[in-house]
Amino acid sequence: MICTTIIPTVGRPMLTRAVESVLAQRLPASEFEVIVVNDSGVPLPEADWQKSDRVQIVATNRRERSVARNLGASIANGRYLHFLDDDDWLEPYAYRHLLQLSQSSEAKWLYGMTQLVDRKNKPLIQLRHGLQGNCFMQVMAGEWIPLQSSWIERNTFMKIGGFNALLAGPEDIDLLRRVLLVEKIAETRNLIAHVIMGGNGSTTDYSRHPQASRQAREQILDSSNVFHRMRSSALTPFWRGRMARVYLTSAIWNLQRRHLFTAASRISLSIASILHAGNSILAKDFWRAISGPYSSIAFEAGIGEAQSIK
Amino acid sequence: MAISTIIPTIGRPSLSAAIQSVVDQGLGSDEFEILVVNDSGKSLPPADWQKLGNIKVIHTNRRNRSVARNVGAAASHGKYLHFLDDDDSMLPGAFEALLTVAEKSKAAWTHGAFRMVDNSGATVIELSPDETGNCSIQMLAWEWLPLQASFITSEAFFAVDGFASLPSLGGGFEDVHLSRQISLLYDMAHTEQTVTTIRIGDVGSTTNYITMFDQNRHSREKTIEAHQAFRRLVASAKSSPSHSNYWCGKVLYYYMASLKWQLQNKHLFTAASRGTHMLAATLLAGSRLLSSDFWRGVIHPHYPRMGRAIQEAGADHLYANTRRAIDMANSKSKQ
């Protein structure tokens with residue numbers, strides 16, 4: 001079996017659209033399965049898709065979203081895992097495109113384009129990320145790829161321990177970072193998923209987001225091989241500047257919390273990043289990257305495109 | 001619902017007896033549930049217990065034990081989680097004894113006395129651990145509280161994200177690691193009643209005894225680097241009712257061991273941080289520095305009661321496979 005789709009649900013009515021968009025994929029039936037993790041604490045209302053022998057429903061009891069997703073991954077049979085939300089849906093040929101990509105690429109995280117829509121399903125912007133190969137630096141800086149448009153190899157997912165359920169909110173970008181710390185990524189330039197934007201009714205805890213996000217990044221910076229991996233994915237003056245900035249901002253954060261030895265370690269690594277940057281430090285981009293906060297290139301490009309159409 | 005018993009199984013026939021021992025506890029069917037996580041990759045043979053209402057079977061597909069247990073926990077409803085193995089069983093009255101203490105003490109981890117039996121069912125040793133309150137230093141020292149004999153609150157379990165399913169810890173050490181993580185945040189309680197029998201030995205077990213020592217090292221480092229670990233460890237050593245000098249020495253011992261390890265791995269800043277904590281542990285010890293127990297803790301490795309009891313009972317041969325594997329690993333590293 002090539003793919004297992006895992007859909008955690010809190011019982012929203014759009015679930016039917018999500019499941020049906022998977023069942024409609026143009027792939028042989030034996031090649032994929034759907035696991036719906038019902039985290040609502042009550043039984044799901046009856047629906048036609050529940051009769052499909054490709055769908056399995058498991059119940060969890062109002063846990064974090066990550067716990068539900070990890071459970072789905074634990075019982076999955078597919079070579080790749082695909083995490084969909086109950087209010088998002090797939091393009092009919094999505095899995096075909098990802099399957100083709102998997103045949104030509106050894107990357108463990110495969111993805112395509114995402115169409116963001118508002119709560120009335122009106123298209124907002126399209127995300128084309130352009131990340132290929134070792135992109136650890138880019139995702140450390142803040143580039144992010146929606147899970148809905150991604151296939152993640154199951155063995156890799158299990159090896160790194162799955163989602164960190166202690167992070168409510170940034171667990172998806174945290175997973176992406178931990179995968180890219182050891183593995184590569186590959187992109188297909190086809191539309192994969194439609195994803196609803198907006199906080200209303202979402203299970204993401206936005207109030208804890210910045211704090212959790214920082215803690216997640218600190219944990220990754222504590223892992224081994226981070227410096228080397230960032231260096232080998234920071235190939236332009238801009239990204240070399242971002243690398244130094246990652247260590248500098250972490251040093252400040254640790255100083256504020258009186259983690260003096262960690263701060264000292266981060267400062268020495270930021271100096272090492274600047275020394276390793278070589279000629280890059282003569283470029284304007286390097287200093288621009290070091291001095292300013294990051295805004296996602298994929299988002300900006302998408303917004304620019306949407307405005308030019310209007 | 002009060003209790004969720006989670007039984008991962010690789011399809012051993014003793015599963016039915018394990019389940020029966022839980023059903024026989026005499027609790028009402030709305031007070032407990034059993035989640036059997038079938039990790040054998042095959043369907044289970046039909047059995048009578050499958051007709052019971054509050055037993056659920058979930059299939060995982062040949063993952064490690066931690067994954068299977070986490071799956072059971074995620075699907076559970078109980079206030080307390082109880083992890084049983086498919087070749088162990090609970091003794092009559094166990095749930096009542098554990099539940100009473102757990103409810104009264106409000107502890108996150110409540111444990112009871114246990115009996116270890118060999119493959120023929122004969123008792124080899126019987127132990128009654130007495131860890132109560134903040135026991136983080138004892139957990140760090142590899143004192144072992146069997147999951148079979150423990151009730152863990154669901155709240156505490158999820159506060160540490162369940163069993164770590166990392167390969168570096170996934171071979172039998174996950175229970176000790178869990179107790180270390182939980183003891184950093186929560187307190188423990190115990191009952192002297194014998195609650196379970198556990199099969200002893202390394203024949204036919206899914207535990208990977210060969211990598212146990214590496215796992216212990218990884219787990220210890222992960223525990224020490226946690227926020228507030230030092231404060232919690234010192235408080236736990238000082239609160240030990242009869243051996244506080246010894247345990248205060250042990251705090252110093254583990255920071256020293258970590259310092260050595262971090263230096264070997266060239267993590268200089270982390271090593272420096274451990275050095276500072278060693279200094280702090282020495283200063284905080286105060287007049288304890290004059291006691292010989294303190295220095296015994298600092299110098300000698302800790303022998304957990306489990307190992308001592310097995311030795312005293314002359315049951316070393318039950319771990320012959322492990323012994324052989326360790327000897328082999330040692331002779332290889334010497335060459």
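Domain bounds, as used on this tour, come from an automatic or database domain assignment, and the model in your viewer is a predicted one.

**First stop: the two domains of chain B.** Where they meet, 9 residues of domain 1 of chain B are in contact with 12 residues of domain 2 of chain B. On the domain 1 side of this meeting place, helix α4 of chain B, residues 136–140, supplies the largest share, with 3 residues. That side of domain 1 of chain B is made of 5 nonpolar residues, 3 polar ones and 1 charged one.

**Second stop: where chain A meets chain B.** Now show both chains together, and look for the 22 residues of chain A that are in contact with 22 residues of chain B. On the chain A side, β3 (55–59), α2 (65–74) and α10 each supply at least two residues, and the largest share, 5 residues, comes from α2(A). Coloured by residue class, this side of chain A divides into 10 nonpolar, 10 polar and 2 charged residues.

Select A:Leu71 and leave aside its neighbours within four places in sequence; its contacts are then A:Val37, A:Val58 and A:Thr60 in chain A, together with B:Val71, B:Ala74 and B:Ala75 in chain B. In soluble globular proteins, nonpolar side chains tend to be buried together. Here the largest nonpolar core has 157 residues, and A:Leu71 is among those that touch the most other members, as are A:Met137, B:Ile7, B:Val71, B:Ile152 and B:Val251. Helix α9 of chain B, residues 244–264, gives the most to this core, with 8 residues.

**Last stop: helix α10 of chain A.** Select residues 260–276 of chain A, a helix of 17 residues that reaches 24 Å from its first C-alpha to its last, close to the 24 Å expected at 1.5 Å a residue. Which residues of α10(A) are buried? They are A:Thr262, A:Ser265, A:Arg266, A:Leu269, A:Ser270 and A:Ser273. Turn the view until you look down the axis of α10(A): the buried residues fall within an arc of 140°, so they line one face of the helix. These buried residues of α10(A) pack against α8 (226–233) and α9 (237–256) of chain A, and also against α10 (268–285) of chain B. Following α10(A) you come to A:Gly278, whose phi is positive, near 60°.

Key. Residues are numbered from 1 along each chain as its sequence is written. Chains are lettered from A and ligands numbered from 1 in the order in which they are written. This is a predicted model: local features need pLDDT of at least 70, side-chain atom pairs count only at pLDDT 80 or more; totals for chains, interfaces and linings use all residues. Two residues are in contact if their C-beta atoms, placed from the backbone, lie within 7 Å. Helices (H or I, at least four residues) and strands (E, at least two) are DSSP runs, numbered from the N terminus. Ala, Val, Leu, Ile, Met, Phe, Trp, Tyr, Cys and Pro count as nonpolar, Asp, Glu, Lys and Arg as charged, and the others, Gly among them, as polar. The expected span of a helix is 1.5 Å times one less than its number of residues. A residue is buried if 20 or more other C-beta atoms lie within 10 Å of its own, exposed if 12 or fewer, and partly exposed in between; C-beta atoms are placed from the backbone. The arc is that of the directions from the helix axis to the C-beta atoms. A nonpolar core is a set of buried Ala, Val, Leu, Ile, Met, Phe, Trp, Tyr and Cys residues joined through C-beta atoms within 7 Å.
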